[in-house]
Amino acid sequence: MKRVSLALIPLLAAFAVQTAQAQSQDKPRDRGTLQSVKDRGTLSCGVSQGLPGFSAPDDKGNWTGLDVDVCRAIAAAIFNDATKVKFVPLSAKDRFTALQSGEIDVLSRNSTWTLSRDTSLGLNYTGISYYDGQGFLVRKSLKVNSALELNSASICVQTGTTNEQNVSDYFKGNNMKYELIAFGTADETVKAYESGRCDVFTSDVSQLYAERLKLAAPADHAVLPEVISKEPLGPVVRHGDDQWFDIVKWTLFAMINAEEYAVTQKNVDEMAKSNKPELKRIFGTDGNLGEQLGLTKDWVTRIIKATGNYGESFDRNVGAGSKLQIARGLNKLWNQGGLQYAPPIR
Amino acid sequence: MADAPRKPPLRLVARLRRTLGGQAGWAGVVIQILFVAAVVWIGYEIVENARANLQAQRIASGFGFLSNTASFAVSQALIPFSESDTYARVFVVGLLNTLLVSIVGIAIATIIGVAVALGRLSPNWLLARISGGYVELIRNLPLLFQILFWYLAVLATLPNPRQSISLLGSVFLSNRGLVVPNPVPQPSFGVFAVAIAVGIVASLVMRSYARHQLFAKGEKLTIWPFALATLIGLPALAAVMFGAPVKFDMPELKGFNFAGGARVLPEFAALTIALSTYTAAFIAEIVRAGIQSVPKGQMEAGASLGLTRGQTLRQVVIPQAMRVILPPLTNQYLNLTKNSSLAVAIGYPDLFSVFAGTALSQTGQAVEIIALTMGVYLLLSLVTSAIMSFYGWRLNRSLAA
């Protein structure tokens, strides 16, 4: 008996491999991400581990923020229910692997769009939800007014970010010495900065403002004026599913277009009845643009009801209506002197 | 001559059958071969599957990325490293940092562990209780917690560089680490090194001569004063004749930080302290159990021969205890090396942090990098156990002699 059962092991193993292969045929990308999201009943959305204004859980455990709103908007467009999102908090280090492996459907987590990420990682950036740049946070007591005075400073940075390479480029380019200490998560990085291990905390400027709120005495720290890099942040999807790519891309574009046409959470029902041709196209009373995406005709109405337009989301989460008080700056609409420009819905 | 035909005709085949099939004979051989084939096939399927999936997702694969420029800085590198170096060099830098913290950690953990074990066995009530308390306290707290404790609660509370604690104006302790004068080798360093080597060789020769005399004639020679004299005298003589072998590069506070001098980073210090004190608690228990496994009669026999407690321990009890101690001790050494990967929590640039962390997220080559990292930890573990096995083999040989 014993010999027989031993001989069974490789057979069982072979069977297991066959089953695994059969299942891998059934992976989300083969069936289409939209279909697998619908089957599952929730959207799995990768977010940061807690960055106020962009994605952070509030005291009741609800995730809020600009990046979170993108996830909610996609869920609203698919399910007409902005709560059907499972948020997966990810470190900078783990975020792309989680997306590649199918653990999440979309990554909406202050991730910079770069060429190598767009090409070699098997990912697609769907657009830019926030135009950012890298800056430096220092103690006011150091009496430093410019990043060029930071020679020989110790710098705390979160590992696995573009920040780590930008800071190397910047200090080398300006012939300054520095010591870079890289930590696994944003919290560890900020803790090390606050404990005095580093003179400088570097990250995207938006993140510096957000993290500064977590310090014991935010007023004792200042962000230096220099912005040393371009950091276009936006939602990311896996390569190879064009329909899903389109849905995520156009959800963001719908929010930006809605702001341009002054469609808000409050007036959306009223506007949907409008006879203006462009509004009729957006709201699906004319044509079937939503269905072309694989959604329903009223997809934009659903999105705006759930999260409001881009401007509303910006103000509520990071702008004037929030604790962060970040100015719109580059993130103003194109016709107001900013860079936010969405292709037309037509 | 009559014995010759009794040799089995197919000894090789029989031996092969025994090795492969064990008790089961030929059926066993077949099963073994089938099993190996299945394992190889499963392995092949896994690799092929991963490769096909990566290709389908257009994720770059292969080890070509190793020659790309890393363009990020590492806070501690034992070999020259800059932003313009490659990912291959990042790998080496991380590996050396892992080795450094493991070797220093193992050395300190062994010393503390043995001391605490002896303390626990000591007839001195207070010493025994303190050692016991140490073991219980350290052993029952999670290692990550201890690393963060040393880093955030102890070392981070040191003053900033401008108010650093200074010793004789040349050694500075601050929250940026311990800065000491850095010895820079001078031309006479070679002669100096040779003098030290000669001193060591001479001491070893004296030791083996003394042992030989002890075993052959029962004469006990006192050699340590001579050994000490050669070890200190020769290098000193070299220094006097050819000039100082090193010049010290003094640290100086410039801008935010110290320039010059050599620096022990707080990340390294916190990790080494936490790893060695933690592992020491386990080593202490292993050593204590080992010593207690030697029958009490051995201690009494030593005493009756007129040996002191220390002599009995060193020459009678510990060599016998070592047989019991070695295997679990090897485990602790392996644990320490593997636990050093917790460095990522405090920003110490070990292999796991800079290679399986930073390099992985910069390149996205997860499969290759994880495979390389796994290989390294496996190799480190195998080398450690090989060294310990060799030591155990020598020990057994000398005990048997």
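**The interface and the chains**

Modeller: Chain B and chain A bury about 4,100 Å² between them, with 52% of it on carbon and sulfur atoms. Buried area here is the accessible area (1.4 Å probe) that two parts lose on being put together, summed over both. This is a predicted model, in which local features need pLDDT of at least 70 and side-chain atom pairs count only at pLDDT 80 or more, while totals for chains, interfaces and linings use all residues. Residues are numbered from 1 along each chain as its sequence is written, chains are lettered from A and ligands numbered from 1 in the order in which they are written, and side-chain values use heavy atoms, with hydrogens and water left out.

Biologist: Why is the interface expressed as an area?

Modeller: The size of an interface is often given as the accessible area lost when the parts come together.

Biologist: How many residues does each chain bring to the contact, and what makes a contact?

Modeller: Chain A gives 50 residues and chain B gives 50 residues. Contact means heavy atoms within 4.5 Å.

Biologist: Which elements give two or more residues to the side of chain B that touches chain A?

Modeller: They are α2 (26-56), α5 (143-154), α8 (266-293) and α11 (351-363) of chain B. The largest share, nine residues, comes from α2(B). Helices (H or I, at least four residues) and strands (E, at least two) are DSSP runs, numbered from the N terminus.

Biologist: How is A:Glu179 known to pair with A:Arg197?

Modeller: Their side chains meet in a salt bridge at 3.5 Å, N to O. A:Glu179 lies in strand β10 (residues 178-183) of chain A and A:Arg197 in the loop between α8 (186-194) and β11 (200-204) of chain A, 18 residues apart.

Biologist: Why are A:Glu179 and A:Arg197 called buried?

Modeller: Buried means under 20% relative accessible area, exposed over 50%, partly exposed in between (1.4 Å probe, protein chains only). A:Glu179 has 8% relative accessibility, so it counts as buried. A:Arg197, at 3%, therefore counts as buried.

Biologist: What does the salt bridge of A:Asp105 and A:Arg40 tie together?

Modeller: The side chains meet at 2.9 Å, N to O. A:Asp105 lies in the loop between α5 (95-100) and β5 (106-107) of chain A and A:Arg40 in helix α3 (residues 33-40) of chain A, so the pair ties together parts that are 65 residues apart in sequence. A:Asp105 is buried, with a relative accessible area of 1%, whereas A:Arg40 counts as partly exposed at 41%.

Biologist: What is the corresponding case for B:Glu285 and B:Arg139?

Modeller: They meet in a salt bridge at 3.8 Å, N to O. B:Glu285 lies in helix α8 of chain B and B:Arg139 in helix α4 (residues 125-139) of chain B, so the pair ties together parts that are 146 residues apart in sequence. B:Glu285 is buried at 14% relative accessibility, and B:Arg139 is partly exposed at 30%. Salt bridges that share partners join B:Arg120, B:Glu136, B:Arg139, B:Glu285 and B:Arg288 into one network.

Biologist: How do you know that the span of helix α7 of chain A agrees with expectation?

Modeller: The expected span is 1.5 Å times one less than the number of residues. The twelve residues of α7 (residues 162-173) should therefore span 16 Å, and the end C-alpha atoms are 16 Å apart, which agrees. Nine of the twelve residues are buried, including A:Tyr170 and A:Phe171.

Note on methods. Salt bridge = Lys/Arg side-chain N within 4 Å of Asp/Glu carboxyl O.
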